[in-house]
Amino acid sequence: MTGVETELDALWAAVPCPTLVVGRAGEVRALSASAQEVLPDMRLGAPVEQAAPWLSEAHDRLVSTTPGPDGVNAFVVSGSVGGRKFDAHAAVLPGGEVVWSLVEDTGQLLREAQRALAKEQERTAFLLEASSVLTASLNVDRCREATVQMAARHLADAAVMVAPAGRGRRLPVFSSGVAGAVEQCSVDADPATVPGLSEALHGFPPVSSGWIDPAMVPNWLMPQTLTEPIGSVMIVSLPGHGVSAGALVLLRDDNQPVFSDDEEVFARLFAARAGAALSAARLYAEQAAITRTLMRDLLPPPLHGLHGIEFAGGYRASKDYELVGGDFYDFHPAATPEDETLVVLGDVCGKGLEAAVMTGKIRNTLQALTPLADNHEDVLTLLNRAMLSAEHARFATLVLASVAYRDGAVLLRLTCAGHPAPLILRDGGHVEEADTRGTLVGAFPRIKVHTFETMLAPGETCVMYTDGVTEARGGPLGEDFFGEERLASALTQCAGMPAEAVVERVLMLTTQWVGQRAHDDIAVVAITAPRRTHLSAVDGHTRGRYIA
(Lines give C-alpha, C1' and ligand atoms only; values in the text may rest on other atoms or scores of the structure.)
Protein backbone atom coordinates (compact mmCIF):
# COMPACT_ATOMS: atom_id res chain seq x y z
CA MET A 1 0.00 0.00 0.00
CA THR A 2 1.50 3.38 -1.01
CA GLY A 3 1.69 6.38 1.25
CA VAL A 4 -0.97 8.11 -0.81
CA GLU A 5 -3.40 5.19 -0.34
CA THR A 6 -2.69 5.18 3.38
CA GLU A 7 -3.42 8.86 3.56
CA LEU A 8 -6.66 8.40 1.60
CA ASP A 9 -7.75 5.60 3.93
CA ALA A 10 -7.12 7.90 6.90
CA LEU A 11 -9.22 10.62 5.27
CA TRP A 12 -12.08 8.22 4.61
CA ALA A 13 -11.94 6.97 8.18
CA ALA A 14 -12.30 10.52 9.51
CA VAL A 15 -15.49 11.30 7.56
CA PRO A 16 -18.19 12.08 10.19
CA CYS A 17 -21.06 10.54 8.18
CA PRO A 18 -21.12 6.68 8.10
CA THR A 19 -19.30 6.10 4.78
CA LEU A 20 -18.10 3.03 2.92
CA VAL A 21 -15.91 2.87 -0.23
CA VAL A 22 -16.90 -0.29 -2.09
CA GLY A 23 -15.07 -1.71 -5.07
CA ARG A 24 -16.88 -2.81 -8.22
CA ALA A 25 -16.76 -6.40 -7.03
CA GLY A 26 -18.49 -5.49 -3.76
CA GLU A 27 -15.49 -5.54 -1.41
CA VAL A 28 -15.08 -2.82 1.21
CA ARG A 29 -12.02 -0.77 0.48
CA ALA A 30 -12.42 2.04 3.04
CA LEU A 31 -14.57 2.48 6.13
CA SER A 32 -15.23 5.55 8.27
CA ALA A 33 -15.14 5.30 12.03
CA SER A 34 -18.82 6.22 12.20
CA ALA A 35 -19.64 3.46 9.71
CA GLN A 36 -17.71 1.01 11.88
CA GLU A 37 -20.06 1.90 14.78
CA VAL A 38 -23.13 1.32 12.61
CA LEU A 39 -21.69 -1.89 11.09
CA PRO A 40 -19.54 -3.37 13.87
CA ASP A 41 -18.99 -6.65 11.94
CA MET A 42 -17.73 -4.96 8.78
CA ARG A 43 -14.01 -5.37 7.95
CA LEU A 44 -11.81 -3.98 5.17
CA GLY A 45 -11.70 -6.36 2.22
CA ALA A 46 -14.86 -8.20 3.29
CA PRO A 47 -17.89 -8.19 1.02
CA VAL A 48 -20.47 -5.60 1.96
CA GLU A 49 -23.14 -8.29 1.63
CA GLN A 50 -22.10 -9.76 5.00
CA ALA A 51 -23.42 -6.76 6.94
CA ALA A 52 -25.97 -5.15 4.60
CA PRO A 53 -27.42 -7.40 1.87
CA TRP A 54 -29.73 -4.65 0.70
CA LEU A 55 -26.75 -2.36 0.12
CA SER A 56 -24.92 -5.13 -1.81
CA GLU A 57 -27.89 -5.55 -4.14
CA ALA A 58 -28.03 -1.82 -4.76
CA HIS A 59 -24.25 -1.72 -5.39
CA ASP A 60 -24.52 -4.52 -7.99
CA ARG A 61 -27.30 -2.70 -9.81
CA LEU A 62 -25.33 0.51 -9.81
CA VAL A 63 -22.05 -0.86 -11.19
CA SER A 64 -23.92 -2.89 -13.86
CA THR A 65 -25.31 0.28 -15.40
CA THR A 66 -23.71 3.36 -16.83
CA PRO A 67 -25.80 6.24 -15.47
CA GLY A 68 -25.39 9.80 -16.51
CA PRO A 69 -23.75 12.46 -14.31
CA ASP A 70 -27.06 13.41 -12.69
CA GLY A 71 -28.27 9.84 -12.38
CA VAL A 72 -25.37 8.80 -10.26
CA ASN A 73 -25.98 11.52 -7.73
CA ALA A 74 -29.68 10.70 -7.61
CA PHE A 75 -29.12 6.99 -6.83
CA VAL A 76 -30.50 6.49 -3.34
CA VAL A 77 -31.66 3.27 -1.68
CA SER A 78 -33.08 2.58 1.78
CA GLY A 79 -32.61 -0.26 4.21
CA SER A 80 -32.21 -1.20 7.88
CA VAL A 81 -29.09 -1.87 9.88
CA GLY A 82 -29.39 -3.05 13.48
CA GLY A 83 -33.03 -2.00 13.63
CA ARG A 84 -32.25 1.49 12.35
CA LYS A 85 -33.41 2.71 8.96
CA PHE A 86 -30.89 4.44 6.64
CA ASP A 87 -30.89 6.11 3.22
CA ALA A 88 -27.71 5.16 1.28
CA HIS A 89 -26.53 7.86 -1.17
CA ALA A 90 -24.13 6.67 -3.92
CA ALA A 91 -21.23 8.52 -5.59
CA VAL A 92 -19.03 6.80 -8.25
CA LEU A 93 -15.34 7.62 -8.10
CA PRO A 94 -13.20 7.96 -11.27
CA GLY A 95 -11.62 4.56 -10.59
CA GLY A 96 -15.02 2.85 -10.53
CA GLU A 97 -15.33 2.50 -6.77
CA VAL A 98 -18.62 3.61 -5.22
CA VAL A 99 -18.83 5.77 -2.11
CA TRP A 100 -21.90 4.93 -0.06
CA SER A 101 -22.94 7.54 2.52
CA LEU A 102 -25.46 6.29 5.08
CA VAL A 103 -27.96 8.90 6.31
CA GLU A 104 -30.28 7.76 9.05
CA ASP A 105 -33.98 8.24 8.40
CA THR A 106 -34.68 10.89 11.06
CA GLY A 107 -38.30 11.07 10.01
CA GLN A 108 -38.80 7.49 11.08
CA LEU A 109 -36.98 8.17 14.36
CA LEU A 110 -39.14 11.21 14.92
CA ARG A 111 -42.29 9.23 14.29
CA GLU A 112 -41.16 6.51 16.65
CA ALA A 113 -40.26 9.10 19.27
CA GLN A 114 -43.65 10.74 18.83
CA ARG A 115 -45.41 7.39 19.20
CA ALA A 116 -43.37 6.63 22.31
CA LEU A 117 -44.12 10.07 23.74
CA ALA A 118 -47.85 9.70 23.02
CA LYS A 119 -47.81 6.28 24.68
CA GLU A 120 -46.10 7.66 27.79
CA GLN A 121 -48.51 10.60 27.91
CA GLU A 122 -51.43 8.18 27.68
CA ARG A 123 -49.99 6.05 30.47
CA THR A 124 -49.33 9.10 32.63
CA ALA A 125 -52.89 10.31 32.11
CA PHE A 126 -54.17 6.84 33.03
CA LEU A 127 -52.10 6.72 36.23
CA LEU A 128 -53.34 10.20 37.20
CA GLU A 129 -56.92 9.11 36.54
CA ALA A 130 -56.34 5.93 38.54
CA SER A 131 -55.00 7.88 41.51
CA SER A 132 -57.98 10.23 41.38
CA VAL A 133 -60.63 7.52 41.00
CA LEU A 134 -59.16 5.10 43.52
CA THR A 135 -58.70 7.71 46.25
CA ALA A 136 -62.14 9.24 45.71
CA SER A 137 -63.80 6.54 47.81
CA LEU A 138 -62.77 5.15 51.16
CA ASN A 139 -65.12 2.21 50.75
CA VAL A 140 -63.05 -0.98 50.34
CA ASP A 141 -65.45 -2.81 47.99
CA ARG A 142 -65.94 0.22 45.72
CA CYS A 143 -62.18 0.66 45.57
CA ARG A 144 -61.78 -3.00 44.57
CA GLU A 145 -64.42 -2.62 41.87
CA ALA A 146 -62.71 0.47 40.46
CA THR A 147 -59.38 -1.39 40.44
CA VAL A 148 -60.58 -4.26 38.23
CA GLN A 149 -62.63 -1.97 35.99
CA MET A 150 -59.67 0.29 35.21
CA ALA A 151 -57.25 -2.62 34.84
CA ALA A 152 -59.54 -4.41 32.36
CA ARG A 153 -60.07 -1.24 30.35
CA HIS A 154 -56.42 -0.16 30.10
CA LEU A 155 -54.16 -3.13 30.84
CA ALA A 156 -55.78 -6.37 29.63
CA ASP A 157 -58.90 -8.01 28.23
CA ALA A 158 -60.07 -8.95 31.72
CA ALA A 159 -58.92 -8.32 35.27
CA VAL A 160 -59.49 -10.19 38.51
CA MET A 161 -58.65 -9.02 42.01
CA VAL A 162 -58.19 -11.59 44.74
CA ALA A 163 -58.35 -10.08 48.23
CA PRO A 164 -56.71 -11.68 51.28
CA ALA A 165 -58.90 -14.21 53.04
CA GLY A 166 -60.74 -12.91 56.10
CA ARG A 167 -61.41 -14.85 59.26
CA GLY A 168 -62.54 -17.81 57.19
CA ARG A 169 -60.72 -19.52 54.34
CA ARG A 170 -62.81 -18.03 51.54
CA LEU A 171 -61.16 -15.57 49.17
CA PRO A 172 -63.09 -12.45 48.06
CA VAL A 173 -62.87 -12.23 44.25
CA PHE A 174 -63.73 -9.22 42.06
CA SER A 175 -63.57 -9.50 38.25
CA SER A 176 -64.33 -7.31 35.26
CA GLY A 177 -64.09 -7.33 31.48
CA VAL A 178 -63.60 -4.39 29.13
CA ALA A 179 -67.35 -3.68 29.29
CA GLY A 180 -66.93 -2.59 32.91
CA ALA A 181 -69.46 -4.85 34.66
CA VAL A 182 -68.03 -6.18 37.95
CA GLU A 183 -68.64 -9.71 39.21
CA GLN A 184 -68.16 -10.34 42.92
CA CYS A 185 -68.01 -13.64 44.77
CA SER A 186 -66.07 -15.52 47.40
CA VAL A 187 -64.43 -18.88 46.75
CA ASP A 188 -63.03 -21.61 48.93
CA ALA A 189 -59.81 -22.16 46.99
CA ASP A 190 -56.10 -22.59 47.64
CA PRO A 191 -54.17 -19.74 45.97
CA ALA A 192 -51.01 -21.88 46.00
CA THR A 193 -52.46 -23.91 43.11
CA VAL A 194 -52.07 -20.88 40.82
CA PRO A 195 -48.41 -20.05 40.05
CA GLY A 196 -47.55 -16.61 41.43
CA LEU A 197 -50.90 -15.97 43.16
CA SER A 198 -49.90 -17.05 46.67
CA GLU A 199 -46.67 -15.05 46.37
CA ALA A 200 -48.59 -11.93 45.26
CA LEU A 201 -51.04 -12.26 48.16
CA HIS A 202 -48.08 -12.32 50.56
CA GLY A 203 -46.46 -9.27 48.91
CA PHE A 204 -43.51 -11.13 47.35
CA PRO A 205 -41.91 -9.95 44.06
CA PRO A 206 -44.04 -10.91 41.05
CA VAL A 207 -43.49 -13.97 38.90
CA SER A 208 -42.82 -13.11 35.24
CA SER A 209 -45.87 -13.59 33.03
CA GLY A 210 -43.77 -15.72 30.70
CA TRP A 211 -43.48 -18.35 33.43
CA ILE A 212 -47.24 -18.68 33.99
CA ASP A 213 -49.02 -21.28 31.90
CA PRO A 214 -52.50 -19.96 30.92
CA ALA A 215 -53.78 -23.53 31.12
CA MET A 216 -53.11 -23.43 34.89
CA VAL A 217 -55.68 -20.66 35.46
CA PRO A 218 -58.68 -22.20 37.33
CA ASN A 219 -62.28 -21.50 36.42
CA TRP A 220 -62.86 -19.31 39.49
CA LEU A 221 -60.30 -16.85 38.09
CA MET A 222 -62.06 -16.68 34.71
CA PRO A 223 -64.66 -13.89 34.37
CA GLN A 224 -67.86 -14.90 32.59
CA THR A 225 -67.38 -12.02 30.14
CA LEU A 226 -64.16 -13.59 28.84
CA THR A 227 -65.19 -15.91 25.99
CA GLU A 228 -61.87 -16.34 24.15
CA PRO A 229 -59.12 -18.74 25.30
CA ILE A 230 -56.43 -17.21 27.51
CA GLY A 231 -53.14 -16.48 25.76
CA SER A 232 -51.13 -14.83 28.55
CA VAL A 233 -51.49 -14.16 32.27
CA MET A 234 -49.89 -11.58 34.55
CA ILE A 235 -50.15 -11.65 38.36
CA VAL A 236 -48.93 -8.67 40.40
CA SER A 237 -49.18 -7.85 44.07
CA LEU A 238 -51.17 -4.87 45.36
CA PRO A 239 -48.76 -3.48 47.94
CA GLY A 240 -50.38 -1.91 50.98
CA HIS A 241 -49.07 -0.28 54.15
CA GLY A 242 -46.93 -3.08 55.50
CA VAL A 243 -49.22 -5.87 54.24
CA SER A 244 -50.46 -6.86 50.81
CA ALA A 245 -53.87 -5.49 49.84
CA GLY A 246 -54.42 -8.42 47.47
CA ALA A 247 -53.35 -9.68 44.06
CA LEU A 248 -54.29 -8.40 40.60
CA VAL A 249 -54.60 -11.02 37.84
CA LEU A 250 -54.54 -9.68 34.25
CA LEU A 251 -55.80 -11.93 31.46
CA ARG A 252 -55.27 -11.47 27.71
CA ASP A 253 -56.86 -13.40 24.81
CA ASP A 254 -54.70 -15.74 22.78
CA ASN A 255 -55.27 -13.58 19.68
CA GLN A 256 -53.50 -10.67 21.41
CA PRO A 257 -49.74 -10.22 21.89
CA VAL A 258 -48.39 -11.66 25.13
CA PHE A 259 -47.51 -9.26 27.93
CA SER A 260 -44.18 -7.55 27.37
CA ASP A 261 -41.62 -6.61 30.00
CA ASP A 262 -42.58 -2.96 29.53
CA GLU A 263 -46.25 -3.77 30.16
CA GLU A 264 -45.37 -5.69 33.32
CA VAL A 265 -43.49 -2.67 34.67
CA PHE A 266 -46.44 -0.42 33.86
CA ALA A 267 -48.90 -2.83 35.49
CA ARG A 268 -46.83 -2.75 38.69
CA LEU A 269 -46.98 1.08 38.67
CA PHE A 270 -50.78 0.87 38.53
CA ALA A 271 -50.83 -1.87 41.17
CA ALA A 272 -48.80 0.32 43.55
CA ARG A 273 -51.43 3.06 43.34
CA ALA A 274 -54.31 0.62 43.70
CA GLY A 275 -52.65 -1.06 46.68
CA ALA A 276 -52.11 2.27 48.43
CA ALA A 277 -55.75 3.27 47.87
CA LEU A 278 -57.03 -0.11 49.08
CA SER A 279 -54.82 0.05 52.15
CA ALA A 280 -56.09 3.55 52.96
CA ALA A 281 -59.70 2.37 52.55
CA ARG A 282 -59.06 -0.62 54.79
CA LEU A 283 -57.48 1.54 57.50
CA TYR A 284 -60.39 3.98 57.29
CA ALA A 285 -62.88 1.11 57.64
CA GLU A 286 -61.05 -0.21 60.70
CA GLN A 287 -60.88 3.24 62.29
CA ALA A 288 -64.55 3.87 61.51
CA ALA A 289 -65.48 0.58 63.19
CA ILE A 290 -63.43 1.50 66.25
CA THR A 291 -65.02 4.95 66.31
CA ARG A 292 -68.53 3.49 66.11
CA THR A 293 -67.73 1.15 68.99
CA LEU A 294 -66.39 3.98 71.14
CA MET A 295 -69.18 6.36 70.14
CA ARG A 296 -71.78 3.84 71.21
CA ASP A 297 -71.05 4.71 74.83
CA LEU A 298 -70.81 8.45 74.15
CA LEU A 299 -74.03 8.99 72.22
CA PRO A 300 -77.15 9.90 74.21
CA PRO A 301 -79.24 6.80 74.91
CA PRO A 302 -82.74 6.45 73.45
CA LEU A 303 -85.40 7.35 76.01
CA HIS A 304 -88.80 5.69 76.12
CA GLY A 305 -91.77 5.12 78.35
CA LEU A 306 -91.21 3.03 81.45
CA HIS A 307 -93.89 1.79 83.87
CA GLY A 308 -96.33 4.23 82.31
CA ILE A 309 -94.06 7.28 82.80
CA GLU A 310 -92.91 9.04 79.63
CA PHE A 311 -89.22 9.86 79.17
CA ALA A 312 -87.92 11.82 76.19
CA GLY A 313 -84.60 13.47 75.35
CA GLY A 314 -83.09 15.59 72.63
CA TYR A 315 -79.55 16.70 71.84
CA ARG A 316 -77.89 19.04 69.37
CA ALA A 317 -74.11 19.47 69.27
CA SER A 318 -72.52 22.88 68.91
CA LYS A 319 -71.39 21.95 65.36
CA ASP A 320 -73.71 20.15 62.95
CA TYR A 321 -70.99 17.73 61.84
CA GLU A 322 -70.32 16.55 65.42
CA LEU A 323 -72.33 13.78 67.05
CA VAL A 324 -71.27 14.31 70.64
CA GLY A 325 -70.09 17.15 72.81
CA GLY A 326 -70.06 18.44 76.37
CA ASP A 327 -73.81 18.17 77.06
CA PHE A 328 -75.25 14.75 77.83
CA TYR A 329 -78.06 12.84 79.46
CA ASP A 330 -78.33 9.27 80.70
CA PHE A 331 -81.06 6.89 81.77
CA HIS A 332 -80.90 4.14 84.41
CA PRO A 333 -84.28 2.35 84.42
CA ALA A 334 -85.80 0.79 87.51
CA ALA A 335 -86.72 -2.88 87.65
CA THR A 336 -90.21 -2.25 89.14
CA PRO A 337 -92.57 0.74 89.19
CA GLU A 338 -91.90 1.26 92.91
CA ASP A 339 -88.11 1.42 92.40
CA GLU A 340 -86.51 4.68 91.39
CA THR A 341 -85.50 5.34 87.79
CA LEU A 342 -82.49 7.64 87.68
CA VAL A 343 -82.21 10.27 84.94
CA VAL A 344 -79.05 12.38 84.66
CA LEU A 345 -78.50 15.51 82.61
CA GLY A 346 -75.19 17.36 82.64
CA ASP A 347 -72.87 19.84 80.99
CA VAL A 348 -69.08 19.37 80.95
CA CYS A 349 -66.84 22.41 80.63
CA GLY A 350 -65.72 22.69 77.00
CA LYS A 351 -66.91 21.45 73.63
CA GLY A 352 -66.11 18.82 71.07
CA LEU A 353 -64.50 15.43 71.41
CA GLU A 354 -62.44 16.15 74.54
CA ALA A 355 -65.56 17.23 76.41
CA ALA A 356 -67.39 14.17 75.05
CA VAL A 357 -64.69 11.87 76.43
CA MET A 358 -65.18 13.43 79.87
CA THR A 359 -68.95 12.92 79.60
CA GLY A 360 -68.25 9.25 78.92
CA LYS A 361 -66.16 9.00 82.10
CA ILE A 362 -68.87 10.71 84.13
CA ARG A 363 -71.57 8.45 82.72
CA ASN A 364 -69.52 5.33 83.48
CA THR A 365 -68.89 6.51 87.03
CA LEU A 366 -72.57 7.27 87.59
CA GLN A 367 -73.44 3.84 86.22
CA ALA A 368 -71.31 2.29 88.94
CA LEU A 369 -72.87 4.57 91.57
CA THR A 370 -76.48 3.79 90.60
CA PRO A 371 -77.06 1.52 93.65
CA LEU A 372 -76.50 4.60 95.84
CA ALA A 373 -78.97 6.76 93.92
CA ASP A 374 -81.43 6.91 96.85
CA ASN A 375 -79.07 9.58 98.25
CA HIS A 376 -78.14 12.11 95.56
CA GLU A 377 -75.65 13.91 97.76
CA ASP A 378 -73.62 10.73 98.31
CA VAL A 379 -73.55 10.02 94.56
CA LEU A 380 -72.38 13.53 93.74
CA THR A 381 -69.77 13.48 96.50
CA LEU A 382 -68.21 10.28 95.18
CA LEU A 383 -68.33 11.58 91.61
CA ASN A 384 -66.68 14.81 92.74
CA ARG A 385 -63.81 12.86 94.36
CA ALA A 386 -63.34 10.80 91.19
CA MET A 387 -63.14 13.90 89.01
CA LEU A 388 -60.73 15.67 91.36
CA SER A 389 -58.39 12.67 91.39
CA ALA A 390 -58.26 12.40 87.59
CA GLU A 391 -55.60 14.26 85.62
CA HIS A 392 -57.74 16.93 84.03
CA ALA A 393 -58.91 20.45 84.70
CA ARG A 394 -62.54 20.07 83.64
CA PHE A 395 -65.62 20.45 85.81
CA ALA A 396 -69.27 19.72 85.18
CA THR A 397 -72.75 20.75 86.16
CA LEU A 398 -75.35 18.06 86.80
CA VAL A 399 -78.96 17.51 87.66
CA LEU A 400 -80.16 14.15 89.03
CA ALA A 401 -83.78 13.11 88.80
CA SER A 402 -85.17 10.05 90.58
CA VAL A 403 -88.65 8.99 89.46
CA ALA A 404 -90.85 6.31 91.05
CA TYR A 405 -94.42 5.36 91.93
CA ARG A 406 -95.07 5.95 95.62
CA ASP A 407 -98.50 5.64 97.20
CA GLY A 408 -100.21 5.66 93.81
CA ALA A 409 -98.48 8.86 92.63
CA VAL A 410 -95.33 9.79 90.68
CA LEU A 411 -92.64 10.92 93.09
CA LEU A 412 -89.89 13.12 91.67
CA ARG A 413 -86.62 13.96 93.48
CA LEU A 414 -84.38 16.57 91.86
CA THR A 415 -80.85 17.61 92.82
CA CYS A 416 -78.80 20.24 90.97
CA ALA A 417 -75.02 20.59 91.21
CA GLY A 418 -74.19 23.94 89.66
CA HIS A 419 -76.85 23.31 86.99
CA PRO A 420 -79.92 25.35 86.00
CA ALA A 421 -82.91 24.20 88.05
CA PRO A 422 -85.48 22.08 86.13
CA LEU A 423 -88.86 23.58 85.25
CA ILE A 424 -92.10 21.78 86.13
CA LEU A 425 -95.09 22.26 83.82
CA ARG A 426 -98.17 21.86 85.99
CA ASP A 427 -101.70 21.01 84.97
CA GLY A 428 -103.29 24.06 83.32
CA GLY A 429 -100.00 25.48 81.94
CA HIS A 430 -98.44 26.93 85.09
CA VAL A 431 -94.64 26.63 85.18
CA GLU A 432 -92.65 26.51 88.39
CA GLU A 433 -88.92 26.23 89.02
CA ALA A 434 -87.66 23.35 91.15
CA ASP A 435 -86.15 24.55 94.42
CA THR A 436 -82.79 22.77 94.12
CA ARG A 437 -79.22 24.02 93.95
CA GLY A 438 -75.64 22.91 94.55
CA THR A 439 -71.96 23.40 93.77
CA LEU A 440 -70.09 22.37 90.65
CA VAL A 441 -68.76 18.82 90.33
CA GLY A 442 -64.99 18.50 89.95
CA ALA A 443 -64.22 22.08 91.00
CA PHE A 444 -64.17 22.08 94.84
CA PRO A 445 -63.11 19.54 97.49
CA ARG A 446 -66.61 19.33 98.95
CA ILE A 447 -70.04 19.12 97.39
CA LYS A 448 -72.99 21.00 98.87
CA VAL A 449 -76.42 20.35 97.38
CA HIS A 450 -80.10 20.81 98.20
CA THR A 451 -82.60 18.19 96.98
CA PHE A 452 -86.17 19.08 95.96
CA GLU A 453 -89.06 16.60 96.12
CA THR A 454 -92.43 16.94 94.43
CA MET A 455 -95.29 14.91 92.98
CA LEU A 456 -96.30 14.94 89.31
CA ALA A 457 -100.03 14.89 88.67
CA PRO A 458 -101.35 13.17 85.53
CA GLY A 459 -99.99 14.90 82.39
CA GLU A 460 -97.58 17.13 84.32
CA THR A 461 -94.02 17.35 82.98
CA CYS A 462 -90.60 18.07 84.43
CA VAL A 463 -88.21 19.65 81.91
CA MET A 464 -84.46 19.42 82.47
CA TYR A 465 -82.19 21.45 80.16
CA THR A 466 -78.64 22.70 79.75
CA ASP A 467 -77.58 26.32 79.51
CA GLY A 468 -77.25 25.84 75.75
CA VAL A 469 -81.00 26.55 75.68
CA THR A 470 -81.23 29.64 77.87
CA GLU A 471 -77.90 31.13 76.75
CA ALA A 472 -78.55 30.64 73.04
CA ARG A 473 -77.89 33.99 71.35
CA GLY A 474 -80.19 35.09 68.56
CA GLY A 475 -83.46 36.89 68.03
CA PRO A 476 -84.01 39.93 65.81
CA LEU A 477 -80.70 41.59 66.75
CA GLY A 478 -78.76 38.36 67.04
CA GLU A 479 -77.35 39.18 70.50
CA ASP A 480 -80.23 38.42 72.87
CA PHE A 481 -80.29 35.32 75.09
CA PHE A 482 -83.22 32.96 74.73
CA GLY A 483 -83.46 33.19 78.54
CA GLU A 484 -85.42 31.47 81.31
CA GLU A 485 -88.50 33.65 80.88
CA ARG A 486 -88.85 32.88 77.19
CA LEU A 487 -88.35 29.16 77.92
CA ALA A 488 -91.02 29.20 80.66
CA SER A 489 -93.41 31.06 78.36
CA ALA A 490 -92.85 28.46 75.65
CA LEU A 491 -93.55 25.65 78.09
CA THR A 492 -96.91 27.10 79.11
CA GLN A 493 -98.06 26.35 75.53
CA CYS A 494 -97.00 22.69 75.91
CA ALA A 495 -99.53 21.77 78.59
CA GLY A 496 -100.95 18.32 77.94
CA MET A 497 -98.35 17.45 75.30
CA PRO A 498 -96.44 14.16 75.40
CA ALA A 499 -92.87 14.29 76.68
CA GLU A 500 -91.43 13.80 73.20
CA ALA A 501 -93.46 16.70 71.80
CA VAL A 502 -92.28 18.97 74.63
CA VAL A 503 -88.62 18.18 73.84
CA GLU A 504 -89.13 18.75 70.11
CA ARG A 505 -90.87 22.06 70.83
CA VAL A 506 -88.00 23.37 72.98
CA LEU A 507 -85.35 22.27 70.46
CA MET A 508 -87.29 23.81 67.57
CA LEU A 509 -87.73 27.16 69.30
CA THR A 510 -84.06 27.26 70.32
CA THR A 511 -82.92 26.37 66.80
CA GLN A 512 -85.12 29.06 65.29
CA TRP A 513 -83.79 31.56 67.82
CA VAL A 514 -80.09 31.02 66.99
CA GLY A 515 -80.63 30.57 63.24
CA GLN A 516 -77.27 30.00 61.53
CA ARG A 517 -75.27 31.54 64.38
CA ALA A 518 -72.78 29.70 66.54
CA HIS A 519 -74.24 28.12 69.67
CA ASP A 520 -73.32 25.86 72.56
CA ASP A 521 -74.32 22.22 72.93
CA ILE A 522 -78.03 21.82 73.70
CA ALA A 523 -79.67 19.00 75.65
CA VAL A 524 -83.26 18.66 76.87
CA VAL A 525 -85.01 15.89 78.84
CA ALA A 526 -88.71 15.70 79.66
CA ILE A 527 -90.41 13.44 82.25
CA THR A 528 -94.23 13.23 82.00
CA ALA A 529 -96.60 11.51 84.41
CA PRO A 530 -99.30 9.18 82.94
CA ARG A 531 -102.38 11.01 81.78
CA ARG A 532 -105.07 8.47 82.66
CA THR A 533 -106.03 6.70 85.92
CA HIS A 534 -108.14 3.76 86.90
CA LEU A 535 -109.67 2.92 90.26
CA SER A 536 -108.76 -0.16 92.23
CA ALA A 537 -109.87 -1.38 95.66
CA VAL A 538 -107.02 -2.04 98.09
CA ASP A 539 -107.71 -3.11 101.65
CA GLY A 540 -111.30 -1.94 101.35
CA HIS A 541 -110.27 1.55 100.26
CA THR A 542 -110.41 3.06 96.79
CA ARG A 543 -107.35 4.82 95.45
CA GLY A 544 -106.08 5.94 92.09
CA ARG A 545 -103.21 4.38 90.23
CA TYR A 546 -101.57 5.84 87.14
CA ILE A 547 -101.49 3.68 84.03
CA ALA A 548 -100.23 4.29 80.51
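## Aromatic pairs

Rings of Phe, Tyr and Trp (its six-membered ring) are paired here if their centres lie within 6.5 Å, and the angle between planes sets the class: under 30 degrees is stacked, over 60 is edge-to-face, and the rest are tilted. By this rule there are five aromatic pairs. The model is a predicted one, in which local features need pLDDT of at least 70 and side-chain atom pairs count only at pLDDT 80 or more, while totals for chains, interfaces and linings use all residues. Residues are numbered from 1 along each chain as its sequence is written, and side-chain values use heavy atoms, with hydrogens and water left out.

F75 and W100 make an edge-to-face pair, with 6.1 Å between centres and 65 degrees between planes. F75 is in the loop between α4 (69-73) and β3 (76-81) and W100 is in strand β5 (residues 98-104), so the pair ties together parts 25 residues apart in sequence. Helices (H or I, at least four residues) and strands (E, at least two) are DSSP runs, numbered from the N terminus. W100 is buried at a relative accessible area of 0%, and F75 is partly exposed at 21%. Buried stands for under 20% relative accessible area, exposed for over 50% and partly exposed for what lies in between, with a 1.4 Å probe and protein chains only.

F126 belongs to helix α5 (residues 106-135) and F266 to helix α8 (residues 261-296), which places the two 140 residues apart. F126 is buried at 4% relative accessible area, as is F266 at 8%. Ring pairs join F126, F266 and F270 into a cluster.

R123 lies over the face of F266, 4.5 Å from the ring centre; a charge counts as over a ring if NZ of Lys or CZ of Arg is within 6 Å of the centre and within 35 degrees of the ring normal. Elsewhere, the charged end of R486 is placed over the ring of F482 at 5.9 Å from its centre.

## Nonpolar cores

A nonpolar core is a set of buried Ala, Val, Leu, Ile, Met, Phe, Trp, Tyr and Cys residues joined through side-chain atoms within 4.5 Å. The largest one holds 30 residues, and L134, L155, L238, L248, L250 and F270 have the most contacts inside it. Two or more residues come from each of α5, α6 (140-154), β6 (158-162), β9 (230-239), β10 (244-253) and α8. The largest share is that of α8, with seven residues. A second, separate core has 29 residues, among them I309, F311, A401 and V525.

Contact means heavy atoms within 4.5 Å. Leaving out residues up to four places away in sequence, L238 touches residues including M161, L248, A271, A274 and L278.

## Strands and sheets

Strands β9 and β10 run antiparallel and are joined by eight bridges; two strands pair if DSSP finds at least two bridges between them. S232 has R252 of β10 as its bridge partner. The hairpin of β9 and β10 has four residues between the strands, and G242 there takes a positive phi near 90 degrees. Eight of the ten residues of β9 are buried.

V344 stands opposite L400 in β14.

In α12 (residues 483-492), the buried residues are G483, L487, A490 and L491. Seen down the helix axis, the buried residues of α12 fall within an arc of 120 degrees, so they line one face; the arc is that of the directions from the axis to the C-beta atoms. Their cover includes β20 (461-465), α11 (467-470) and α13 (499-514).

In α3 (residues 53-63), buried residues include W54, L55, H59, L62 and V63. Among the elements that cover the buried residues of α3 are β1 (19-22), β3, β4 (84-92) and β5.

## Whole chain

The protein has 13 helices and 25 strands. Of its 548 residues, 45% count as buried. Among contacts with a separation of 6 or more, 60% are between residues 24 or more positions apart.
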